Amino acid sequence: MTAWIFTNDAGAVFQSAVVKGASAVLEEAGRSTRVVEVGPLAAPADLPDGLASQDGALVVASALSDQALAKLYEHVGGVTLVSHMTEGVQVPAVLHDNAQGMRQLVEHLVSEGRRSLVYVRGDLSQVDGRQREAAFRDEVLRHGLEVSEERFLEGGFVPGVASGSVSDLLRRGERFDAVVAADYLMAIEALRALRTGALDVPGDVSVVGFGDGPEADGAGLTVVAADVEELGRRAARQLLAQLDGGRITGHTLLSTRLVVRRSSGA
Amino acid sequence: MSLPLNRPAGMEGLRRNNLRAVLRALYRGEARSRSELALVTGLTKPTVSTLVGELMEEGLVTEQGRGEASPGGGKRPTLLRFETRARQVVGVSVGDGQARGVLSDLAGTVSAMHVTDLNGDPEAAVLEVVAGLRAQLDAKLASVGVGLPGPLSAATMADALTGRLGLPVHVAGRAELGALGQLAYGGGADGTLVSVVVDDGVEVGVCLSGGTMHYGSDLSALAPGLEWSSVEAEIRSVLPDVAVVDRPGALVLALRSAAAAGDLRSMHLCAELAGRLGAALAWIVAILRPAQVALGGPLAELGSPFLELLRSDAAERLPAWQTSNLELTVVYTQQVSAMGAVALAVQRELELLFG
């Protein structure tokens with residue numbers, strides 16, 4: 001009766017928060033948990049020995065390939081994907097509501113009179129990265145904004161990459177009045193790069209990011225809060241419902257909430 | 001289900017009504033103590049005390065310290081509070097190829113949403129959504145509300161789902177619930193609210209008299225040429241290069257974008273669609289005199305430019321006094337009608353919101 005948690009990087013900020021939240025709920029329910037580091041997109045052969053049919057598994061982001069997921073789903077008593085969805089295999093999932101969060105961020109900027117937006121991308125191999133960008137593009141159309149492809153900057157959910165992309169943009173002499181980053185850690189680095197480039201935040205440029213944490217609070221960053229430990233807890237509950245004999249299909253989306261801080265709203 | 005409010009009518013009827021009256025007065029802040037409850041409801045103090053005791057056992061009411069003594073002196077009353085988080089309800093909206101449900105407390109605060117594909121079986125999809133949200137319960141589930149697209153039979157579905165779930169299930173049209181959702185949780189204006197959902201046809205929902213009366217109907221016959229299959233074909237002929245998209249709204253957004261960029265054929269199609277809808281809308285406005293009309297379904301993605309086209313179309317068909325105060329807005333139907341389903345479930349179980 002083990003609950004396995006598959007992740008591609010147990011030490012990363014996002015993954016460790018998911019594991020923390022999920023483990024608490026699973027252990028409270030009397031399930032022993034085992035965290036396994038695999039992937040990204042690990043093959044079926046990479047699944048550990050010792051998976052039993054009454055076990056369950058949480059798969060965080062893109063730790064397993066579709067083939068490995070299919071094999072896992074067939075083999076154990078329940079699987080829940082965390083911040084991941086697959087086209088091929090119908091595995092239930094728990095995610096943040098990326099569309100709602102991005103809508104809240106862009107609506108906030110537009111309500112502050114910002115019209116010239118820059119987007120810092122996440123990792124497009126991950127569902128969160130793809131969904132947030134698609135949602136951003138929808139919002140751009142809904143508000144009649146124009147964001148040329150050069151304004152979509154590489155970030156990859158890596159703060160250092162985001163910082164470099166924003167600095168490059170400044171060197172090109174581009175003018176803009178808001179930066180939306182696909183996560184808050186990239187947004188903090190973008191904010192620093194802007195200030196290094198002698199721009200006033202939020203006077204010249206507003207900066208907002210997806211997700212929240214103590215670093216965002218410390219940097220005075222406007223975000224949509226998306227509690228990652230809560231994501232882990234909710235995912236664990238979905239898994240437990242399956243292990244108790246329930247059949248779950250589809251995906252559960254957790255609401256986001258706009259938190260306005262000093263980096264916007266000048 | 002141990003909620004005392006759900007016991008059948010008959011001998012229990014009077015007591016149940018009294019319980020509801022007490023709960024409603026606390027929920028709306030009309031009374032904050034047992035003696036205020038006696039004043040507001042007209043019940044005797046011993047009766048109120050007994051009812052409050054039952055509600056406290058159910059966790060729906062808690063004591064919250066003491067208030068100020070009355071000017072004449074006397075004991076400081078024990079303050080009571082309605083616990084909006086003591087029960088949760090599920091509201092589900094079916095349409096757009098999906099069933100989408102929200103898990104809400106009694107104040108309309110949503111903690112989770114669950115989405116599943118319809119796969120041609122709305123009843124199964126609703127059950128899947130409820131199963132997904134039951135895994136996320138933080139309190140006892142009181143009831144379920146469901147909004148269905150026009151042609152599906154609400155009564156049959158309610159009976160079937162109640163049997164399968166072992167819970168009270170309340171079903172209505174999703175356009176009707178869209179109007180109810182706008183009123184209850186969407187900041188809808190005072191007065192008559194109308195929701196128009198353009199999807200496989202034109203569904204209309206009406207909410208009157210502060211929510212005590214609501215109903216839905218179908219206007220497809222009065223506004224032909226708006227079923228999604230033909231609108232989709234028209235958009236595709238105007239915008240042949242748009243890639244295959246995973247949802248109707250994305251194609252409509254592409255049309256909006258092209259029209260905004262000055263593409264003449266796209267602009268013409270938007271005006272044409274506004275004209276088709278405008279014919280039915282004019283009747284709605286003339287007869288119902290709504291304070292607000294909320295447009296939903298894929299065409300809502302045409303946004304404020306489309307609302308302006310609708311407004312000028314209405315202004316051509318009707319005298320100015322009938323259109324000058326009209327508020328037009330766009331809504332995300334699936335979300336608003338899921339919240340309407342929450343409002344329906346709360347109202348039918350507890351009679352808290354309206355009346």
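**Entry 1: the model.** I noted that this is a predicted model, in which local features need pLDDT of at least 70 and side-chain atom pairs count only at pLDDT 80 or more, while totals for chains, interfaces and linings use all residues. Residues are numbered from 1 along each chain as its sequence is written, and chains are lettered from A and ligands numbered from 1 in the order in which they are written.

**Entry 2: the side of chain B that touches chain A.** I looked up the contacts (C-beta atoms, placed from the backbone, within 7 Å) and found that 17 residues of chain B touch 19 residues of chain A. The elements of chain B that give two or more residues to this side are β5 (110-117), α4 (122-134) and α8, where helices are DSSP runs of H or I with at least four residues and strands are runs of E with at least two, numbered from the N terminus. The largest share, six residues, comes from β5(B). By class, this side of chain B has nine nonpolar, six polar and two charged residues; Ala, Val, Leu, Ile, Met, Phe, Trp, Tyr, Cys and Pro count as nonpolar, Asp, Glu, Lys and Arg as charged, and the others, Gly among them, as polar.

Entry 3: I then followed β5(B), which pairs with strand β11 (residues 251-254) of chain A in the antiparallel sense over three bridges; pairing here asks for at least two DSSP bridges between the strands. In this pair, His251(A) stands opposite Val115(B).

Entry 4: I looked up helix α4 (residues 127-142) of chain A and helix α8 (residues 248-260) of chain B, which pack at an angle of about 40° with their axes 9 Å apart. That angle makes α4(A) oblique to α8(B), because angles under 35 degrees count as roughly parallel, over 145 as roughly antiparallel, 65 to 115 as roughly perpendicular and the rest as oblique. The axes are lines fitted to C-alpha atoms, for helices over the stretch in contact, and angles run from 0 to 180 degrees between N-to-C directions. Asp138(A), Leu141(A) and Arg142(A) meet Leu253(B), Arg256(B) and Ser257(B), and by class this contact has two nonpolar, one polar and three charged residues.

**Entry 5: a sheet in chain B.** I found an open sheet of five strands in the order β10-β9-β8-β11-β12, with mixed pairing. Its edge strands are β10 (213-218) and β12 (327-330), each pairing on one side only. Within chain B, β8 (residues 193-198) and β9 (residues 202-208) pair in the antiparallel sense over six bridges, and Ser195(B) stands opposite Gly205(B).
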